[in-house]
Amino acid sequence: MGTQVSATLAAMTETWKSCTKFHPHDAIQDQERENTINLYFTQITSFYFGENSFGLRTQAYDDMLWVVLGWLEGIKFINLHSDLHHASTHSGDANIKASVSNSSLWYAHQFIPQFAHRARLFYDLASRGWDTSLCGGGMVWNPHLAPYKNAITNQLYISASISMYLYFPGDNNASPFSFKNPVRPETGMPPAKAHDPQHLENAVEAYQWLKTSGMKNWRGLYIDGFHISGWRGGKNGSIGTGRCDVRDGQVYTYNQGVILSGLRGLWEATGSKIYLEDGHRLIRNVIAATGWNTRGTRWRWQWSGLGRNGVIEEACDSLGSCSQNGHTFKGIFFHHFTLFCKPLPQTGRSEGGFETFAADEELFTWHHMNCEKYGRWLRHNARAAYMTRNEEGEFGTWWGIGSKHLEQYDMTKESGFELPPHEGTDYRNEGVPVDEIWRRPEDQIWQFQKLDDDEYPIAVEEHSEEKDMSRGTRWDPNDRGRGRTVETQSGGLAILRALWMVIDMEK
């Protein structure tokens, strides 16, 4: 959620800058905008001090990588707002920015070293999940379970690695001092430099593995991941085949999104157009899988792989069974979609030996025109999301329902409405199964039931599916299950921001 707040503030500050091109300078309005930015930025700093950074160190590797991306997004926002609206702000090393005494220096720079340290700490911890003993590479999802190499952990590792290379400002904070430094154990963590080439190497290697892993279905969408056949682990266990050969075909929206920001960053760091081409191909596959080509037809309610009637949808949306995790997924997709479709820079960055690539006019236009083609689909989804708001303006999670009440629609089987098929294990919404595929042999079953209940709380109210899907019954499908939450709000915010940043602001 902190990532969404930082990204939205970045959109606000960019919009503020663009508005000044067309309207006379107004000091009062400028101060009002600055006050609004500062108001919401305090939410980010409050979250930093409230985040359970110790507990998160014992979680799955994807949990750690969300932390990395979140605080790097905060750093990006601070630098962007400073560059656009605080002309006297000093650029360069984060520690220099924090120590400069200047009355016009934006106060938020004092938080960059803390954000950077937390991002660095969690990146180093998560990197331990890279494993070459199984499947020839790839990130393991959770060190506490049987090895499972899934799309989201590997995509997060790619995006976090390239973001560390591009945006991490360096870190001289040696804490925690219990960290084992083989050179000087009394000093804790060694300094970390900005733009470390190892981060770039990690991103390139990880994407090459993911691209050749076979982790896509026939629609060109990323499935959830792979187990290893015959793996039994333990002290006297076996790695089985050692290959990713037990396929879990569950499809989630966010598995199509996180990689997009990674591909965009890989292009900027290497200049290779193939990364942009891969990203656009994936977006087109997503749009097709929402039923974009059958919208408005008699087949509009058929499940198309990731939605229906041109609207993106989680498999859990129509069932009202989404967990807290599931409620975040569409927002995550559109956040990374927006990062991917930002106009390519036509001037590269250069700091010492670090350089990024710039797009020539031909590449800039090609990328821009491709993203512009997604405009009708973005607007269609933004409208669908907007129509789910209740009287308090709160977004629902099932955008594909079309509007608040079903009474004007026929959602029966006779109308062609299809529930999503069972394609794999929906552990993100239903919890991790207690079986030998997911659990380690030495684990006790009782240890995990509480974990599942805590991590995947689902409060689905009882209702009749036949009654719910019938014509003429007045009810709000987005009040089922967890109902409207802060996570569903983030999804609505993300699609509106995507539409504004990719399409409308450019006009």
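Accessible areas were computed by the Shrake-Rupley method with a 1.4 Å probe, and for residues only the protein chains shown count as cover. On this basis the protein exposes about 22,700 Å², of which carbon and sulfur atoms supply 52%. The structure is a predicted model, in which local features need pLDDT of at least 70, side-chain atom pairs count only at pLDDT 80 or more, and totals for chains, interfaces and linings use all residues. Residues are numbered from 1 along each chain as its sequence is written, and side-chain values use heavy atoms, with hydrogens and water left out.

The protein contains 16 helices and 7 strands; these are DSSP runs numbered from the N terminus, with helices (H or I) of at least four residues and strands (E) of at least two. Of its 507 residues, 54% are buried, where buried means under 20% relative accessible area, exposed over 50%, and partly exposed in between (1.4 Å probe, protein chains only). Among contacts (heavy atoms within 4.5 Å) with a separation of 6 or more, 72% are between residues 24 or more positions apart.

Helix H8 spans residues 258-270 and has 13 residues. From its first C-alpha to its last it reaches 19 Å, close to the 18 Å expected at 1.5 Å a residue; the expected span is 1.5 Å times one less than the number of residues. H8 is mostly covered, with 12 of its 13 residues buried. The buried residues include Arg264, Trp267 and Glu268. Their packing partners are helices H3 (61-85), H6 (151-167), H7 (197-211), H9 (274-289), H10 (324-341) and H11 (361-373). Just after H8, Gly271 adopts a positive phi of about 80 degrees.

Thr397 lies in the loop between helix H12 (375-386) and helix H13 (427-430). Thr397 has a relative accessible area of 9% and is therefore buried. Beyond its neighbours within four places in sequence, Thr397 contacts Asp317, His327, Lys330, Asn478 and Thr488. With Asp317, the side chain of Thr397 also makes a polar contact of 3.3 Å, that is, a pair of N or O atoms within 3.5 Å; within protein, one must be able to donate a hydrogen and the other to accept it, and residues adjacent in sequence count only if both atoms are side-chain atoms.

Tyr40, in helix H2 (residues 27-50), is partly exposed because its relative accessible area is 41%. Together with Met12 and Leu39, Tyr40 forms a nonpolar patch on the surface, with about 280 Å² of accessible area.

Notes
Patch = residues over 30% accessible without salt bridge, like charges linked within 9 Å, V, L, I, M, F, W, Y side chains within 5 Å. Salt bridge = Lys/Arg side-chain N within 4 Å of Asp/Glu carboxyl O.
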